[in-house]
Amino acid sequence: MTKGILGRKVGMTQIYDASGNCIPVTVVQAGPCRVLQVRTAEHDGYEAVQLGFLDKPRRLASRSERGHVARLDSKRSKKLVAAGVALPDKAGCEPQRFIREIRGPIGESKVGQDVTVGVLDGVKAVDVTGVSKGRGFSGVMKRHNFKGQRATHGVKKVHRHMGGTGALAANRGGGRMKKGKKMPGQYGYERVTTRNVPVAKIDAENNLLLIHGSVPGPNGAYVVIRETNVVR
Amino acid sequence: MSQEILKLVEKASLKWEVPQFAVGDTVDVHTRILEGEDERIQVFSGTVIARSGSGSREMFAVRRIVAGEGVERKFPLHSPKIAKIEVKRTGATRRAKLYYLRERVGKSVRLRERKGGKEETTSA
């Protein structure tokens with residue numbers, strides 16, 4: 001299967017490497033995950049492995065969530081079995097909090113199999129996907145690194161505003177703004193992937209992955225970690 | 001829980017024996033310096049004016065006067081590049097940060113020796 005795992009961002013700290021250099025690291029609690037479903041080319045049109053991370057209490061899970069990880073008795077399943085239809089395999093575990101697919105060749109993966117941080121052994125760099133910190137409705141200075149306006153020289157109450165928009169050469173003509181003009185708006189809380197971040201250390205015993213540098217999202221956020229596909 | 005995980009990670013980077021010294025002490029800091037291929041030890045001596053941070057991120061600042069000019073260096077306490085920290089003289093202080101020494105010159109920079117002296121710090 002593709003080298004990938006689900007995890008939870010714990011926080012940042014620093015460690016010293018063998019030559020005594022200080023490395024900033026993000027600590028990610030990576031796995032153990034369970035394979036909940038295997039997507040095949042014949043059945044689904046593509047190959048992928050669906051992983052689940054962290055157990056969720058059954059009282060919080062919906063019936064469909066419970067039925068996804070383990071076989072539940074239902075009239076429909078009985079009918080299908082009676083008709084001689086083979087039901088799909090189930091992982092037979094607790095409902096999972098965080099479920100994502102890792103695309104790529106499935107290899108030997110089976111439903112119910114455990115995936116630990118050991119799958120990343122020997123991986124030099126990873127891509128980390130998460131949801132960035134939400135900053136709400138932000139102005140152009142924070143959101144797009146605009147300069148704002150001057151503090152003095154007759155500027156009134158618009159020091160952090162954007163400048164004029166209409167007379168810009170790029171926008172001129174047609175009497176309207178070009179689409180995609182950078183303006184204030186929602187900033188953050190979007191899917192972000194940091195690519196090609198080096199792996200500092202893998203601690204298989206404690207299911208920890210130390211990533212050199214930062215990773216999107218607040219502490220405690222869920223992240224998807226894959227071996228990087230950046231060729232360099 | 002997450003704080004415990006961070007502590008666990010930092011534990012691997014901590015020194016086995018943390019040198020015992022306090023703010024106000026006069027210390028010799030032996031740092032390993034790589035010059036091309038060979039390693040040599042450089043010593044920086046002065047007064048510890050601050051300790052900050054915790055865990056593997058703890059830092060300390062040392063101040064001394066070189067040729068009439070104040071020089072301050074900050075060191076990471078747990079860095080393997082810090083070979084040794086020797087306490088030369090203890091100093092009695094009433095505060096945790098001695099930034100007020102920056103405004104002082106000459107005799108007023110001196111600190112009183114701490115009662116109990118070195119033995120007390122090493123055992124603490």
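This is a predicted model: local features need pLDDT of at least 70, side-chain atom pairs count only at pLDDT 80 or more; totals for chains, interfaces and linings use all residues.
**View 1. A salt bridge joins Arg58(A) and Glu94(A).** The closest N and O atoms of this pair are 2.8 Å apart. Is Arg58(A) buried or exposed? With a relative accessible area of 52%, Arg58(A) counts as exposed because the cut-off for that class is over 50%. Glu94(A), at 27% relative accessibility, is partly exposed.

**View 2. Asp44(A) and Arg39(A) meet through their side chains in a salt bridge.** The distance from N to O in this contact is 3.6 Å. Asp44(A) has a relative accessible area of 24% and is therefore partly exposed, since buried residues would have to lie under 20%.

**View 3. Arg34(A), Asp55(A) and Asp114(A) belong to a network of salt bridges.** In this view the three side chains are to be read together, as Arg34(A), Asp55(A) and Asp114(A) are linked in the network.

**View 4. In chain B, the side chains of Glu86(B) and Lys88(B) form a salt bridge.** The N to O distance for this pair is 3.9 Å. How accessible are the two partners, Glu86(B) and Lys88(B)? Glu86(B) is partly exposed at 28% relative accessibility, and Lys88(B) is likewise partly exposed, with a relative accessible area of 46%.

**View 5. Four phenylalanines of chain B form one aromatic cluster.** The members of the cluster are Phe21(B), Phe44(B), Phe60(B) and Phe75(B), in a structure that holds five aromatic pairs over all chains. Phe44(B) also takes part in a contact with a charge, for the charged end of Arg73(B) sits over the ring of Phe44(B), 5.7 Å from its centre.

**View 6. Arg135(A) places its charged end over the ring of Tyr187(A).** The distance from this charged end to the centre of the Tyr187(A) ring is 4.8 Å.

**View 7. The largest pocket has a volume of about 380 Å³.** Its lining consists of 13 residues, and those that lie nearest the centre of the pocket are Gln37(A), Val38(A), Pro88(A), Asp89(A) and Val111(A). Which elements of chain A each supply at least two residues of the lining? They are strand S3 (33-39) and helix H1 (41-44), and S3(A) provides the largest share, four residues. Sorted by class, the lining is made up of four nonpolar, four polar and five charged residues.

**View 8. Chain B contains two helices and five strands.** Read from the N terminus on, the elements of chain B follow the order α-β-β-β-β-β-α. The C-alpha atoms of chain B fill a box of roughly 45 × 40 × 25 Å along the principal axes, and 34% of its 124 residues count as buried.

Terms used: Residues are numbered from 1 along each chain as its sequence is written. Chains are lettered from A and ligands numbered from 1 in the order in which they are written. Side-chain values use heavy atoms; hydrogens and water are left out. On a 1 Å grid over the protein atoms alone, a cavity is a set of points where a 1.4 Å probe fits but cannot get out, and a pocket is an open set with protein on both sides within 12 Å along at least five of seven lines; lining residues have an atom within 4 Å of a point. Grid points are joined across faces, edges and corners, and a volume is the space filled by probe spheres set on the points. Ala, Val, Leu, Ile, Met, Phe, Trp, Tyr, Cys and Pro count as nonpolar, Asp, Glu, Lys and Arg as charged, and the others, Gly among them, as polar. A salt bridge is a side-chain nitrogen of Lys or Arg within 4 Å of a carboxyl oxygen of Asp or Glu. Buried means under 20% relative accessible area, exposed over 50%, partly exposed in between (1.4 Å probe, protein chains only). Rings of Phe, Tyr and Trp (its six-membered ring) pair if their centres lie within 6.5 Å; planes under 30 degrees apart count as stacked, over 60 as edge-to-face and the rest as tilted. A charge sits over a ring if NZ of Lys or CZ of Arg is within 6 Å of the ring centre and within 35 degrees of the ring normal.
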